[in-house]
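Trainee: I'd like to see where the labels for this model come from. Can we go through them one by one?

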Amino acid sequence: MTATALTPATEARERYVAASRAFAADGDPYGDSHVPAWWRELREQALARFAATGFPTTRQEAWRFTSVVPIVETPFTIGGNSIRAQSVPAGVSVETLQAAVRQRSALVRAHLGRYAKIETNPFTALATAFLGDGVLVHVPAGQRVDEPIVVTHAPRAPETMSAPRVLVIAEPGARATLVERFDSKPGSRHFTNAVTEIVLGEGAHLEYVRVQLESERAYHVATVQSHQARDSVLSSTTITLGAALTRCDIGAVLDGPGALLQLNGLVVLHGEQHGDYHTVIDHAQPHGESHEYVNGVFDGRSRGVFSGRIIVRPGAQRTDSKQTNNNLVLSDDARADSQPQLEIYADDVKCTHGSTTGPIDPAALFYLRSRGLDASAARALLTYGFGTDILGRIGTVAVREELDALVRARLLTGAREAAA
Amino acid sequence: MATVMLEIKDLHASVEGKAVLKGVNLTVNAGEVHAIMGPNGSGKSTLAQVLAGHPAYTVTAGTVRYRDHDLLDMDPEERAREGVFLAFQYPVSIRGITNAYFLRSALNAIRKHKNLEPLDPLDFIQLLDDKLKAIGWDDSFLNRAVNEGFSGGEKKRNEILQMAVLEPTLAVLDETDSGLDIDALKTVAEAVNALRRPDNATVVVTHYQRLLNYIVPDVVHVLADGRIVKSGGKELALELEARGYDWVRAA
């Protein structure tokens with residue numbers, strides 16, 4: 001190798017850095033050159049961070065099981081992302097971040113980029129360096145809406161990277177349901193680098209459901225970071241069905257006493273899909289409660305990774321935290337890894353975790369067959385059960401039923417006939 | 001003449017290469033209740049599992065006729081569809097599948113076999129209503145995942161609920177009494193008795209005589225070391241309770 005030759009990773013880093021500079025110099029390709037100085041600063045800091053770190057490698061502990069080489073080696077250009085607010089119930093506001101910055105700069109500035117930290121994850125830094133497309137979902141104090149808010153993301157063009165950004169603010173006492181859905185055309189190759197930040201004020205209740213159904217040639221990297229004030233309740237469910245390569249980093253900080261978090265995850269992969277699901281639950285204040293349930297179903301030659309870290313800070317006494325990860329491995333060539341990590345710095349806490357990984361339980365299979373279900377229907381039913389186990393934790397009935405139909409179509413073929 | 005429901009001849013079976021059943025002979029007629037008693041490790045549960053078709057058990061010799069079928073030649077699901085039901089000693093929990101969905105799937109698999117129309121969820125709930133009352137349950141158990149987080153007693157009741165819904169011709173109850181308090185035992189026994197008909201039969205496998213106060217058997221068998229060593233009327237159960245099993249084995 002000559003002194004001037006660049007490794008693919010370095011080449012890719014420089015390509016994205018140059019693209020980000022061009023993106024900033026063009027004003028904003030998304031229609032507004034009057035973005036405030038703090039917004040530009042946020043972007044510049046993120047760019048500097050990404051320029052310093054570059055893409056992660058499997059030598060880093062957090063990326064041990066997931067190689068991002070396919071992302072690095074594909075010459076994606078920078079593309080836009082279409083964000084459609086499909087359902088906006090009365091009483092909540094859903095607007096582009098650009099519009100929100102013009103009208104209520106202080107509110108956006110107080111939260112944007114404060115939770116999904118660029119130091120934590122190079123992809124978060126990269127996405128923030130392209131801060132442009134985005135949505136602010138704002139639920140005013142005390143406002144309660146039953147009808148779900150639905151936001152759908154899709155890349156505008158194949159062979160591009162897009163960085164959809166969502167900021168969700170549920171003010172004190174607010175109550176709402178938000179569904180974020182990521183779609184793309186079947187067979188299209190693209191790279192989604194999405195960042196969602198969720199802020200819950202005191203006593204706010206939010207049900208957040210994130211569904212990823214992208215093309216099985218897509219690369220999907222996601223950062224979801226939530227921040228909860230006192231007595232707030234967040235139920236967060238992340239469903240991963242699509243993409244060739246998915247990496248989700250779900251972070252949750254319980255930053256007020258008595259906060260409650262339900263963190264649910266369902267990963268269903270087949271073929272050559274790879275899904276890496278990382279969660280960090282940070283109990284920063286006392287009397288917090290977190291329940292984490294993550295189920296994976298892996299078929300074909302797919303590969304699943306779960307890494308679940310729970311931190312209980314000094315002083316976060318009376319924390320009650322439970323983590324469960326169950327993986328169903330349907331083929332000899334599929335594989336699942338599970339890594340729970342507990343870091344407990346307080347003494348009066350209750351923390352439990354459990355993990356199972358294996359094929360369909362032969363005892364369960366025989367039990368169902370002994371009731372008249374044939375073997376394939378019984379297998380399908382047991383597999384479907386791994387999905388409904390998680391979907392059943394979604395409180396909003398309409399959302400749960402829609403997702404159930406989606407997951408059932410994927411997991412249940414024989415058993416549907418049996419119950420019909 | 002009585003109709004023969006089940007006829008076991010010289011049945012030998014092994015699990016993991018170890019012989020457990022060593023020549024069981026047993027005939028059960030329609031309308032009868034048979035109790036199979038015996039010490040731990042005598043092969044009672046193995047017999048129950050073999051009748052249901054558990055793949056871990058290998059039949060090495062003998063025959064089992066069930067009505068006009070060669071039972072050993074049938075898959076577990078075929079046996080179930082033809083009316084064989086095993087109430088499990090250790091019922092399995094099924095993550096994510098509600099009791100209602102499971103029961104309806106099972107019932108409709110059996111109905112399909114009988115060329116009957118499948119029941120839709122509404123018809124099914126109506127049918128369940130009476131069955132639930134019989135075991136002293138409300139419908140809250142229907143929307144819970146099958147046996148998930150159920151107590152030992154709840155799991156056993158759930159087996160009896162399944163039996164009531166599926167209406168088997170031959171029911172095998174494997175240690176259904178273990179882990180039940182006296183009230184639960186009575187409820188379970190009443191539900192089993194309510195299902196007794198001249199055209200079906202029940203085999204009750206138990207270690208203790210207690211259940212047989214409530215489900216009164218026509219015939220009691222003692223299984224020891226893989227063979228039926230003694231058969232008699234219901235008074236045999238009382239004698240076993242009083243004297244233990246050693247005297248039978250010694251005989």
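Trainee: Which residue of β5(B) is the bridge partner of Arg65(B)?

Mentor: That's Asp70(B). Keep in mind that this is a predicted model, in which local features need pLDDT of at least 70, side-chain atom pairs count only at pLDDT 80 or more, and totals for chains, interfaces and linings use all residues. Residues are numbered from 1 along each chain as its sequence is written, chains are lettered from A and ligands numbered from 1 in the order written, and side-chain values use heavy atoms, without hydrogens and water.

Trainee: How do you know that β4 and β5 of chain B count as paired?

Mentor: Two strands pair if DSSP finds at least two bridges between them. The names are DSSP runs numbered from the N terminus: H or I of at least four residues for helices, E of at least two for strands.

Trainee: What makes β2 and β5 of chain B edge strands?

Mentor: Look at the order of the open four-stranded sheet, β2-β1-β4-β5 (chain B), with antiparallel pairing. β2 (18-29) and β5 (69-70) each pair on one side only. Helix α1 (residues 44-52) of chain B packs on that sheet, in contact (heavy atoms within 4.5 Å) with β1 (4-15), β2 and β4 of chain B.

Trainee: How much confidence does chain B get?

Mentor: Its mean pLDDT (per-residue confidence of the predictor, from 0 to 100) is 92, and 99% of its residues reach 70 or more. The model as a whole scores ipTM 0.96 and pTM 0.89.

Mentor: Now chain A, where α1 (residues 8-25) and α2 (residues 37-53) pack at about 165°, axes 9 Å apart.

Trainee: Why is that called roughly antiparallel?

Mentor: Angles run from 0 to 180 degrees between N-to-C directions, with axes fitted to C-alpha atoms, for helices over the stretch in contact. Under 35 degrees is roughly parallel, over 145 roughly antiparallel, 65 to 115 roughly perpendicular, and the rest oblique. About 165° is over 145, so α1(A) is roughly antiparallel to α2(A). The crossing is left-handed, that is, the near helix is turned anticlockwise from the far one by less than a right angle (clockwise would be right-handed).

Trainee: And why do β2 and β20 of chain A stand at the edges?

Mentor: The open sheet of nine strands has the order β2-β5-β8-β10-β12-β14-β16-β18-β20 (chain A), with mixed pairing. β2 (81-87) and β20 (350-358) each have a single partner strand, so one side of each lacks a neighbour in the sheet. The twist averages 10° from one strand to the next. Inside it, β12 (233-240) and β14 (260-269) of chain A pair in the parallel sense over eight bridges, with Gly265(A) in β14(A) as the bridge partner of Thr238(A).

Trainee: What is the relation between α8(A) and α9(A)?

Mentor: Their axes come within 10 Å and cross at roughly 155°. That value is over 145, so the helices are roughly antiparallel. Their crossing is right-handed. Their contact has six nonpolar, three polar and three charged residues, where Ala, Val, Leu, Ile, Met, Phe, Trp, Tyr, Cys and Pro are nonpolar, Asp, Glu, Lys and Arg charged, and the others, Gly among them, polar.
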